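Please look through the sequence and the structure shown here.

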Amino acid sequence: MRTKLNLAASLIAGLIFGLSANAQKTVIKKAALPANAQTFLKTHFAKQEPTYILEDKEILSKEYKVQFANKLEIEFDGKGNWKEIDGKSASIPASIIPSKIASYVKTNFAKDKITKIEKGTLGYEAKLSNGLELKFNSKGEFIKIAK
């Protein structure tokens with residue numbers, strides 16, 4: 001019985017290691033991004049060229065990371081929808097921030113800027129220049145201060 005349990009544990013560990021070892025990151029051109037990501041970059045970053053674009057392929061998914069010279073990073077899912085925008089302590093473009101979130105931050109944290117925003121299945125998380133992290137639902141309505 002113990003031998004079968006050890007064998008099963010070894011097989012599962014080997015499978016997990018094999019799947020993670022199969023992940024590949026490659027540098028790609030902007031034209032190789034999904035159409036949604038290309039449109040997003042044209043709309044919000046028309047005057048900037050990325051310093052690099054990475055495609056991260058895993059067994060069941062694909063993601064993209066775009067970085068600009070000012071170190072701003074954008075992560076896209078496999079369909080080209082943005083997941084995260086990180087200004088690395090610089091404010092991110094206002095045109096990206098949902099209007100309800102921008103309004104809430106302007107009203108309640110007038111001196112601070114949004115330096116990072118993440119979009120998840122349950123809503124948004126925005127990091128401010130003062131270090132606070134704010135959580136919003138998918139409609140952009142404030143939920144709580146996370147940190």
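The report below describes a predicted model.

## Overall layout

The protein contains three helices and nine strands. Read from the N terminus, its elements follow the order α-β-α-β-β-β-β-α-β-β-β-β.

The protein has 147 residues, and 30% of them count as buried. Among contacts with a separation of 6 or more, 35% are between residues 24 or more positions apart.

Helix 2 covers residues 35-44, and its buried residues are Ala-37, Phe-40 and Leu-41. Viewed down the helix axis, these buried residues fall within an arc of 95°, so they line one face of helix 2.

What do the buried residues of helix 2 pack against? Their partners are strand 3 (62-68), strand 4 (73-76) and strand 5 (82-86). On the face turned away from the buried side, helix 2 carries the exposed residues Ala-35, Lys-42 and Thr-43.

## Aromatic rings

The structure has eight aromatic pairs. One of them joins Trp-82 and Tyr-124, with 6.4 Å from centre to centre and 35° between the planes, and this pair is tilted. The pair links distant parts of the chain, since Trp-82 is in strand 5 and Tyr-124 is in strand 7, 42 residues apart. Trp-82 counts as buried because its relative accessibility is 10%, and the cut-off for buried is under 20%. Tyr-124 is also buried, with a relative accessible area of 15%.

The rings of Tyr-104 and Phe-136 make another pair, with centres 5.7 Å apart. Their planes lie at 80°, so this pair is edge-to-face; planes over 60 degrees apart count as edge-to-face. This pair too links distant parts of the chain: Tyr-104 belongs to helix 3 and Phe-136 to strand 8, 32 residues apart. Is each of these two residues buried or partly exposed? Tyr-104 is partly exposed at a relative accessible area of 22%, whereas Phe-136 is buried at 2%. Elsewhere, ring pairs connect Phe-40, Phe-45, Phe-68 and Phe-76 into a cluster. Phe-40 of this cluster is also one of the buried residues of helix 2.

## Positive phi angles

Lys-71 is not a glycine, yet its phi is positive, at about 75°. Lys-71 is located in the loop between strand 3 and strand 4.

Lys-88 is not a glycine either, and its phi is positive at about 55°. Where does Lys-88 lie? Lys-88 is in the loop between strand 5 and helix 3. Its relative accessibility of 38% makes Lys-88 partly exposed.

## The largest pocket

The largest pocket holds about 230 Å³ of space. Its lining is made up of Ser-91, Ile-92, Pro-93, Ala-94, Ile-97, Ala-102, Val-105, Lys-106, Ala-110, Asp-112, Lys-113 and Ile-114.

Which element gives the largest share of this lining? Helix 3 (residues 99-108) does, with three residues. By residue type, the lining of the largest pocket has eight nonpolar, one polar and three charged residues.

## The second largest pocket

The second largest pocket has a volume of about 170 Å³. Lys-83, Glu-118, Lys-119, Gly-120, Leu-122, Gly-123, Tyr-124, Glu-125, Lys-135, Phe-136 and Ile-143 line this pocket.

At least two lining residues come from each of strand 6 (114-119), strand 7 (123-128) and strand 8 (133-137). Strand 7 contributes the most to the lining of the second largest pocket, with three residues. The lining of this second largest pocket divides into four nonpolar, two polar and five charged residues.

Technical notes:
Residues numbered from 1 in each chain as written. Predicted model: local features only at pLDDT ≥ 70, side-chain atom pairs only at ≥ 80, totals over all residues. Heavy atoms only, no water. 1 Å grid on protein atoms, 1.4 Å probe; cavity = no way out; pocket = protein on both sides within 12 Å on 5 of 7 lines; lining within 4 Å. Points joined across faces, edges and corners; volume = space filled by probe spheres on them. Helix = DSSP H or I, 4+ residues; strand = E, 2+ residues; numbered from the N terminus. Nonpolar A, V, L, I, M, F, W, Y, C, P; charged D, E, K, R; others polar. Buried < 20%, exposed > 50% of the residue type's maximum accessible area, 1.4 Å probe, protein only. Arc of directions from axis to C-beta. Contact = heavy atoms within 4.5 Å. Phe/Tyr/Trp six-rings, centres within 6.5 Å; stacked < 30°, edge-to-face > 60°.
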